[in-house]
Amino acid sequence: MYLLKALSFTTLAVLFSLIFIGGYVSASGVGLTCPDWPMCPQGLMPHEDFIIEYIHRSVAATTGMLVIATMAFTLKSKYAPRGMKIASIIAAGAVIGQITLGAIVIVERLHAILVTAHLGLGLVLFSMVLMTMLYAFKIDKQRRIETTAISSNLSSTKDHDNYKK
C-alpha cells in the first residue's frame, strides 16, 4: 500500500508542477516557440529558444506515464475501492485526452477555445488524481485500524483463554 500512496502523491505533485509550467507557457506567450509536435525542430536536445516549451512537454510526458502507472497499480490493488478505480481510469483517459488536445493546440496555433478546453481537461485530470491519492491514504489508514482491531481481538481472545485455565 505504501507504493500506491507514494506513486499517487508523486503523480499529483508532478501534475501540479505541469499545470504551473503550463500556466507560465501560456501567460508568457512561449506556447509556439517550439512549433512542431511532438519534438522541437532540433530533436531531443532543444535549442535554448525552445527550452521552456521543451520542459513543459517533457514534464507532460512524465506525468502521462505516472498517471498510467498509478491507474495500473490501483486496478491491481485488492484493497482499492471501486471509486478509486473509477477515478484512476478517468484520470488515465483525461491524460490521453490532454496529450491529444495539447498536440491539437499546437497544430491549430493556440486557438483560444482549444487552450481553454486544455485547461478545463487539466482540472478534471487534477481532480481525479487528487481523488485517487486521497483514497490511497484513506485505504492505508483503514487497514491500520483494521489491523489494530484484529490484534486487539486476538489479544483479548488469548487473555480469555488464559482466564479459563
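Reader: Which residues line the largest cavity?

Author: Please keep in mind that this is a predicted model. Rolling a probe the size of a water molecule over the atoms shows where empty space is left. Here the structure holds one cavity of 30 Å³ or more, and the residues that line the largest cavity are Thr11, Val67, Thr70, Met71, Ser88, Ala91, Val129 and Thr132.

Reader: Which element gives the most to the lining of the largest cavity?

Author: The space in the largest cavity comes to about 40 Å³. Two or more residues of its lining are given by each of α2 (51–76), α3 (82–107) and α4 (112–164). With three residues, the element that gives the most to this lining is α2.

Reader: How many charged residues does the lining of the largest cavity have, by class?

Author: Sorted by class, the lining of the largest cavity has four nonpolar residues and four polar ones.

Reader: Why does threonine 11 count as buried?

Author: Threonine 11 belongs to helix α1, which spans residues 2–28. Buried means under 20% relative accessible area, so threonine 11 counts as buried because its relative accessible area is 0%.

Reader: With which side chain does the side chain of threonine 11 make a polar contact?

Author: Leaving aside residues up to four places away in sequence, threonine 11 touches Leu66, Val67, Thr70 and Val129. At 2.9 Å, the side chain of threonine 11 makes a polar contact with the side chain of threonine 70.

Methods: Residues are numbered from 1 along each chain as its sequence is written. This is a predicted model: local features need pLDDT of at least 70, side-chain atom pairs count only at pLDDT 80 or more; totals for chains, interfaces and linings use all residues. Side-chain values use heavy atoms; hydrogens and water are left out. On a 1 Å grid over the protein atoms alone, a cavity is a set of points where a 1.4 Å probe fits but cannot get out, and a pocket is an open set with protein on both sides within 12 Å along at least five of seven lines; lining residues have an atom within 4 Å of a point. Grid points are joined across faces, edges and corners, and a volume is the space filled by probe spheres set on the points. Helices (H or I, at least four residues) and strands (E, at least two) are DSSP runs, numbered from the N terminus. Ala, Val, Leu, Ile, Met, Phe, Trp, Tyr, Cys and Pro count as nonpolar, Asp, Glu, Lys and Arg as charged, and the others, Gly among them, as polar. Buried means under 20% relative accessible area, exposed over 50%, partly exposed in between (1.4 Å probe, protein chains only). A polar contact is a pair of N or O atoms within 3.5 Å; within protein, one must be able to donate a hydrogen and the other to accept it, and residues adjacent in sequence count only if both atoms are side-chain atoms. Contact means heavy atoms within 4.5 Å.
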